[in-house]
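Got the sequence and the 3D view ready? Let's take a walk through this structure, one feature at a time.

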Amino acid sequence: MHILSAEHMTKVHGDRVLFEDLTIHMSQGDKIGFVAPNGSGKSTIIHMLTGKEQSDQRDFRLYINPDIRVGYLPQQEDIDESKTILDYIFSNPLPEIQAMRMYREARQNDDAELLSEAVQAMDASRGWDIESRIEEILTKLLVPDPQRLMGTLSGGQVKRVLLSRLLIDDPDLLILDEPTNHLDVEMIDWLENYLAQPSKTLFMVTHDRYFLEDVCTQILELDQGKLYQYPGNYAYFLEKREERAVLQETTTTKARKLMKKELDWINRMPKARTTKNKARVDAFDDIRKEAQQDIYRQELVFNIRPHRMGSKILECHHVSKSYGDLHLIKDFSYKWKKGEKIGLVGKNGTGKSTFIKMLTGEIAPDSGKIVTGENTRFGYFRQEERLPETDIPMIDVIRSVADHLPLKNGGSLSAEQLMERFLFPRPRHRVRYSLLSGGEKRRLQLLRVLMTNPNFLILDEPANDLDILTLNTLEEFLMEFEGCILLASHDRYMTDKIVDHLFILDGAGNVQDFNGSYNDYLSRDQSPAAPQNQVQPRSAENEYELRKKIRSVENQIQKLESKKTDIENRFQETNITPEQIKEWNIELDKVKDDIAAKESEWEASVEALES
């Protein structure tokens, strides 16, 4: 069934055309993931699909099937802070939802008279049919006490309330703008399975690559003002997008050569007026446009040389931190090693931000001590931090930190070059900061942190509000980064790609050092009795988990192989001591054992999947 069409979508900002004459069609059951760089018009297109914004093209047409209901989850929403959570969640006028509201309110207030009336309303509206679904949604998303005022909630709690309301309303078409922001990984995993149901129809903007891989059946890409459609999941999109980029690069190279010939001809014969020559002049503009296209092919090597680290990097000795009866960290000890990349994992409220702030010295532990090495230089990218609004060009925002970064070969990378590598084209460097999108401002804040040239990066939810192209670039940077990394992120894809092991906070003060990926941790958490490397035979229920497990183990093997090569290369150095040789041999044997264990795990997973 055809449910939505938007035709002749055009948007112009000043003299810049974001996109022109675009068309989107949707049918029942479509699950579309919408990807595009920050600042290219993603939010504008969503606003057009929801009727909140008009096209700059007069013949714009928006059709929504009158027999369906559309639900929209924005990234941010103005809320009435004086309303209760109950008011927001059960604001839909449908009889069964209003009956459920009355029923919950009567139970909350222990009102026998209201409860009797609510039960009758539930019977009349068949509200009992949706009771279990509503309870599941509120429980899985950890919605606070329904009597609390919206103004008392954190940003993450507000997002969960709004998402709960949308899922409870159960619209025919869900339009979601970054639905996983502010959700912990267990919530994301539940939401992924919920939305993957065949009955759901989705149009979704998300940076969560596992979501795009496991939920979406179609990827829609906005690139340089044009829409490209990929009938498949994220892996299919990557494959076909690369083919398109190679083809486009070949075409563009030919166009550049042809443009030079045409330019020479025009300069020689500027007064040509024959029909044939005039046609050739007219065609020149088309050739020029094709030749000047930007090709987003991220084959980047950063080669940045961070500040030298000393033998002592960061040490925690019996560190504890509590707030009243809430014990967040209890008797934690650890010594960081050079080049360690650690993921910080835990549900919302388990103390991840507190842990980070203790490491950086913003708050003091209740007991124990934290020792920072003399040469350790932190680069801290905060989850909520925003730059003060300013009207200066974005390049000056970066230059206010530094003009250049040192490279390993003795050269340097300029602020302009780093901005280009993080997808800020040079012609836009003089654009005023106040005119940037939210995602672009967050990307600029990330670059300010990188321009300090730290040797210990602490990243608190860096994936929020960043587009996939930027995330790919950031991940390439982090994989090459030779310093230490502490990554606190609900982005499972990024975490699995970057970190070597995990610190898991359980909310009761315990910090577990877990040698595995995010998906390993989730699988173990769901089946605690099963040995970590034991894989159960395939069933309809666990095939999905098996595929994720295989992908995760492959990534871990690749990281371990790279680590093995790095260790082997150390033996080629001159002036190495016998103590170093002994230490490196022990380290090399450990890595080889880890590779063998992971290969066995991979083989068992593949056999289970194929059985």
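## A charged pair between helices

Glu-135 is partly exposed, with a relative accessible area of 27%. Here buried means under 20% relative accessible area, exposed means over 50%, and partly exposed is in between, using a 1.4 Å probe and protein chains only. Keep in mind that this is a predicted model, where local features need pLDDT of at least 70, side-chain atom pairs count only at pLDDT 80 or more, and totals for chains, interfaces and linings use all residues. Residues are numbered from 1 along each chain as its sequence is written, and side-chain values use heavy atoms, with hydrogens and water left out.

What does Glu-135 form with Arg-104? The two make a salt bridge, and their closest N and O atoms are 2.6 Å apart. To count as a salt bridge, a side-chain nitrogen of Lys or Arg must be within 4 Å of a carboxyl oxygen of Asp or Glu. This pair links distant parts of the chain, with Arg-104 in helix α3 (residues 95-109) and Glu-135 in helix α5, 31 residues apart. Helices (H or I, at least four residues) and strands (E, at least two) are DSSP runs, numbered from the N terminus.

How many salt bridges does a search of the whole structure find? It turns up 32. Side chains of opposite charge can pair when their charged atoms come close.

Take Lys-321 and Asp-366, whose side chains meet in a salt bridge at 3.3 Å, N to O. Lys-321 is in strand β10 (residues 314-323) and Asp-366 is in the loop between α11 (352-359) and β13 (367-372), so this pair ties together parts that are 45 residues apart in sequence. Lys-321 counts as buried at 10% relative accessibility, whereas Asp-366 counts as partly exposed at 48%. Elsewhere, a network of salt bridges links Asp-189, Glu-192, Asp-208 and Arg-492.

## The open sheet

Now for some strands. Six of them form an open sheet with mixed pairing, in the order β5-β6-β7-β3-β8-β9. Strands pair if DSSP finds at least two bridges between them. At the edges are β5 (70-73) and β9 (226-230), each pairing on one side only.

Inside this sheet, β3 (residues 31-35) and β8 (residues 218-223) pair in the parallel sense over four bridges. Which residue in β8 is the bridge partner of Val-35? That's Glu-221. Glu-221 also has a salt bridge with Arg-244, at 2.8 Å from N to O. Since Glu-221 lies in strand β8 and Arg-244 in helix α9 (residues 234-268), the pair ties together parts that are 23 residues apart in sequence. Both ends are buried: Glu-221 has a relative accessible area of 3%, and Arg-244 has 16%.

## Aromatic rings

A search of the whole structure finds 19 aromatic pairs. Rings of Phe, Tyr and Trp (its six-membered ring) pair if their centres lie within 6.5 Å; planes under 30 degrees apart are stacked, over 60 edge-to-face, and the rest tilted. The rings of Tyr-230 and Phe-237 have centres 5.0 Å apart and planes at 85°, so they are edge-to-face. Tyr-230 is buried, at 4% relative accessible area, and Phe-237 is buried with 4% too.

Another edge-to-face pair is Trp-336 with Phe-503, with centres 5.9 Å apart and planes at 80°. Trp-336 lies in the loop between β11 (326-335) and β12 (341-345), and Phe-503 in strand β19 (residues 501-505), so the pair ties together parts 167 residues apart in sequence. Trp-336 is buried at 5% relative accessibility, and Phe-503 is buried at 1%. Both belong to a cluster joined by ring pairs, with Phe-332, Tyr-334, Phe-355, Phe-378 and Phe-456 also in it.

## A helix and some backbone angles

Is helix α1 (residues 42-49) largely enclosed or open? It is largely enclosed by the rest of the structure, because six of its eight residues are buried. Among them are Ile-45, Ile-46 and Leu-49. Just after α1, Gly-51 takes a positive phi of about 80°.

Most residues other than glycine have a negative phi. Leu-142, though not a glycine, has a positive phi of about 50°, and Leu-142 lies in the loop between α5 (128-140) and α6 (155-169). His-182 also has a positive phi, near 75°, and sits in the loop between β6 (173-177) and α7 (185-195).
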